[in-house]
Each structure stands twice: as C-alpha cells, then as structure tokens.
Amino acid sequence: MERNHTMMQFFEWHVENDGKHWQRLKERAPELRAAGITSVWIPPASKGQSDEDTGYGIYDVYDLGEFDQKGTVRTKYGTKDELIEAIQVAHENDIAVYADVVMNHKAAADELETINVVEVHPEDRSKEISEEFEIEAWTKFTFPGRNGKYSDFIWTHEFFNGTDFDAREEKTGVFKISGKNKDWNDQVDNEFGNYDYLMFANIDYNHPEVREEMINWGNWFKETINCQGFRLDAIKHINYEFVNEFAKSMIGDDPDGFYMVGEFWKSDLDDCRQFLDSVDYTIDLFDVPLHYKFHEASQQGQDFDLTTLFADTLVESHPTNAVTFVDNHDSQPGESLESWIDDWFKQHAYASVLLRKDGYPCVFYGDYYGVQGPHPVEGKKEMIDALLYTRYHKAYGEQEDYMDDAHCVGWVRRGVEEFPNSGCAVLLSNADMCEKRMFVGETRAGEEWFDYTNHQEEPVVIDEEGFGVFPVPGGGVSVFAPRDEQ
C-alpha cells in the first residue's frame with residue numbers, strides 16, 4: 001500500500017522577481033519531501049512579455065529561459081538550465097513535477113499585421129457590433145532571438161481568431177478575426193455567449209496546423225524538462241476537442257505514467273461534469289466548487305451549515321477526478337478571481353482536503369510560505385505541517401462521517417495494518433466548543449489519541465467498545481490520532 005500523495009502549487013502570484021525561483025525549488029525539495037509533499041506544480045516555464053511576467057502572458061513556448069528575447073534571457077523564475085537542474089533534484093527527492101501549460105493565447109508579438117476583423121460585444125461575443133473593418137494588430141510572432149531553433153513555426157493572424165487591440169486607432173475591444181473558416185471555437189464555455197476569447201492574441205484550435213504545432217511542442221516540452229505531468233491553464237476557453245486530443249497525445253500508451261489536471265474555473269458542478277464527459281475523463285480537474293464552499297463557509301461563519309460542506313462538489317461526485325485545494329494564485333487577495341479563504345477557516349479547509357479519503361489535495365505556496373506583493377499574508381507552515389504529517393502517517397483506512405450538526409461535524413479514518421498507529425478522528429466547529437462520540441474500532445480500545453493540532457492538551461482514551469469522545473474548540477479544528485509509539 002502506498003503512502004498518501006500530496007501536491008504543492010510551488011508559487012504564488014507575487015513571488016520575488018529575482019530569477020531564483022527554480023533555485024528555491026532545488027533548495028527546498030528535501031524539506032518538502034520530508035513534510036509529505038510528493039509532487040509540485042511549478043509555474044509556467046516559458047518566456048512571457050518580460051522578466052516580470054508570471055508566465056501567463058506567454059510569448060514563446062519554446063524559450064524556457066534560454067534566449068535573449070523580450071529584454072531578458074531568464075524568465076521571472078530563472079534559466080532553462082536552472083529549471084532542468086531543479087526538476088532533477090526534485091526527482092532525487094522522490095517528488096514528481098507537474099508543469100503549468102498555457103495554450104490559450106500568445107502575447108507581446110514581434111510585428112504588426114493589417115487584418116480584417118469584426119468587433120463583438122464584450123459581454124456577448126456571439127453578438128457582432130460592427131461591420132467588417134481593418135485594424136493593425138500585434139499578431140505576428142517570429143521569435144528572432146530563437147531563430148528557428150526547436151521549431152520554425154511562425155505565428156500570424158491566420159492562426160488566431162481574436163485579438164483585443166487596434167494599434168492604428170489605439171483602441172481596445174474584442175475583435176474577431178475575419179477570414180476563411182474563421183470563427184470562435186464552438187467547444188468552449190458559453191459564458192459571455194462564447195468564452196473562446198480571453199486575452200491577447202487568441203489561438204485558433206480549429207486550425208489543423210495549430211493543433212499539430214502545439215502537440216509537437218507539448219511532446220518536446222515534457223521530454224526536454226523531464227516532468228511527470230501538466231497542469232492545463234484556462235481550459236474552459238480552449239476547444240474541448242483539442243484538450244482531449246492534446247491530453248491523449250501527452251499520456252500516450254501509459255495512462256498511469258503522465259498526469260494531467262486542468263483549470264476549469266466554474267463553481268457549478270454540472271458544468272464540471274459536462275466538461276469531464278466531453279474530454280472522456282482523460283484529465284482531472286481542480287475542485288472549484290469545493291473552493292467556493294470553503295469561501296462561503298469562511299464568510300458566513302456560524303450561519304454556514306457545515307453538513308453541506310462537501311455537497312455539490314467534484315470530490316463528492318467524481319472523487320477520482322478531483323484535485324482539492326484551498327486557495328491559489330488567482331484566488332489570492334487582489335487577483336483576478338479573488339475569493340480568499342479567511343484565516344479562521346484555513347485550518348478547517350486544509351483538514352478537509354488533507355485528511356479525507358477522496359481527492360488529490362494541493363497545498364498552496366502562498367498559504368505555506370506566505371504571500372508577497374501589495375496584499376501580504378503570513379505563511380501558515382507550522383499549521384499545515386501538522387496536517388501534512390497526519391495525512392502522511394495517520395489518514396488511512398475506512399472513513400466514517402459524522403455530519404449530523406450544522407455547527408460541528410467530524411469524520412474518522414480507521415487506519416490500516418500496513419501503517420502501525422494509523423487512523424485519525426477529525427472535528428470542525430464554526431460556533432461553540434463541542435464534542436462528538438465517534439467509533440474508531442474495537443481493536444483500538446484503551447489507546448490514547450492526541451490532538452495533532454495542539455488545541456487539546458488532554459488525550460482521548462478509547463473505550464472498550466471502540467468509541468472516543470472527541471472535543472473541538474469553538475470555531476476551531478481538532479485532529480486526534482495515536483502517537484507513533486503506543
């Protein structure tokens with residue numbers, strides 16, 4: 001039986017722009033593995049608009065910090081050689097690496113083109129609000145600094161279907177590019193009428209040459225950096241048929257050998273289900289509905305019914321396809337999808353993703369090490385480490401839920417023989433101090449279980465029937481488990 005696996009998102013939006021982030025990964029890999037982290041999701045490695053770009057304003061997918069382009073050789077995070085070295089060190093510490101893949105758009109083109117477009121309504125992209133007209137658009141990418149190395153593909157307006165700036169008139173808008181077979185992709189989210197267009201020069205996945213080039217790049221990328229998986233960015237804006245095709249091409253003949261998870265940012269569970277259906281369940285999804293449950297619970301306090309915490313979430317309906325998380329770089333304060341979980345509920349949320357049997361949990365760098373930038377937040381490493389330890393050593397075996405009180409819920413994991421002294425009992429409160437009598441197994445009779453959150457000093461003694469009466473402080477969390485040596 002394998003130990004539990006845990007992912008870390010190894011960046012936040014405002015990590016220092018010092019070109020040393022790949023070095024940080026290399027240096028911290030041993031401590032992360034010791035804490036129970038078994039995989040890391042790293043930020044976009046390709047060259048963006050400048051050395052300050054987080055990687056989502058992507059310019060050249062083949063430039064991993066190797067060529068002098070956009071005023072820099074390195075990316076925000078470092079050079080190509082440093083990236084490959086950091087991944088190698090992660091592997092030496094038995095940590096898998098998942099690379100962030102940005103395939104929706106391209107930014108900071110090298111040349112202007114004169115093209116024909118139709119302007120569409122920004123709130124309903126299916127609605128045209130102009131006749132066809134001519135603009136000058138940044139849609140030609142020649143990558144002069146790379147000079148054809150790895151790929152000689154030149155991107156022109158033929159390979160995009162939308163852009164957002166007319167350089168001739170210095171006007172912004174949503175401009176649909178005109179031409180033969182040019183339109184928005186149909187297989188995308190239907191928000192704003194059609195949500196194919198997100199930003200910059202929007203890649204047209206109806207074009208066969210585009211699909212071929214991006215699949216070629218995906219294979220080159222994973223082999224070049226030797227990663228074990230991809231995190232796919234912004235997939236509700238990318239032709240679902242291509243997402244499926246790309247995923248199957250990357251996974252190849254070994255479905256267990258290359259991991260794929262997508263960012264499909266929709267809080268509605270039915271939308272997530274329909275997307276998984278459309279891509280034949282080839283990839284996992286981040287559990288956005290669960291994140292918003294955590295946010296709602298943290299905002300509402302004791303008015304939130306804790307018995308509904310997992311209702312209508314991906315981890316409840318599709319547990320084998322759910323990557324559970326608390327916060328990320330987009331939900332952190334001041335960012336585009338801000339929905340930060342309040343501090344008082346962070347431990348509740350992390351206990352809920354790390355100590356239950358379902359889902360593949362992901363710890364956020366910003367929660368662990370802290371958030372920098374205009375809205376700084378202190379890290380919660382000590383709190384998360386205690387839960388990571390409990391996950392790695394204790395959270396195994398049959399799960400029984402005690403979701404019977406709107407203000408006080410709990411569950412037990414009964415443990416397994418393979419891991420001596422495994423098993424745990426978890427309680428969450430959003431109101432007053434409370435306690436629950438929960439069954440951990442007759443074979444545990446007489447054992448003392450201690451609170452690994454250190455909120456409760458006294459151990460709980462398991463009675464002869466296998467029950468313990470477990471307390472939790474008001475608005476708090478407790479996680480009881482046997483000591484490693486009984």
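Predicted model: local features only at pLDDT ≥ 70, side-chain atom pairs only at ≥ 80, totals over all residues.

Cys408 and Cys434 are joined by a disulfide, with an S to S distance of 2.1 Å, where a disulfide is taken as a pair of cysteine sulfur atoms within 2.5 Å. A search of the whole structure finds 1 disulfide, and the angle of 85° about the S-S bond makes the link of Cys408 and Cys434 right-handed. Since Cys408 sits in strand β21 and Cys434 in strand β23 (residues 434-439), the pair ties together parts that are 26 residues apart in sequence; helices (H or I, at least four residues) and strands (E, at least two) are DSSP runs, numbered from the N terminus.

Residues are numbered from 1 along each chain as its sequence is written, and side-chain values use heavy atoms, with hydrogens and water left out.

Are Cys408 and Cys434 buried or exposed? Both Cys408 and Cys434 are buried, where buried means under 20% relative accessible area, exposed over 50%, and partly exposed in between (1.4 Å probe, protein chains only). Cys227, by contrast, is in no disulfide, and the nearest cysteine sulfur, that of Cys362, is 16 Å away; Cys227 is buried, at a relative accessible area of 7%. Cys424 is likewise in no disulfide, with the nearest cysteine sulfur, that of Cys408, 16 Å away, and Cys424 counts as buried at 0% relative accessibility.

Let me move to the sheet. It is an open sheet of 6 strands in the order β20-β21-β22-β27-β24-β25, with antiparallel pairing, and two strands pair if DSSP finds at least two bridges between them. Its edge strands, β20 (399-402) and β25 (460-461), each pair on one side only. Strands β22 (residues 424-429) and β27 (residues 477-482) pair in the antiparallel sense over 4 bridges, and Val426 stands opposite Val479 in β27.

Finally, the backbone. Tyr281 has a positive phi of about 60° although it is not a glycine; this residue lies in the loop between α5 (269-278) and β15 (284-286), and Tyr281 is partly exposed, at 33% relative accessible area. Asp312, also not a glycine, has a positive phi of about 60° and lies in the loop between α6 (288-300) and α7 (314-317), where Asp312 counts as exposed at 55% relative accessibility.
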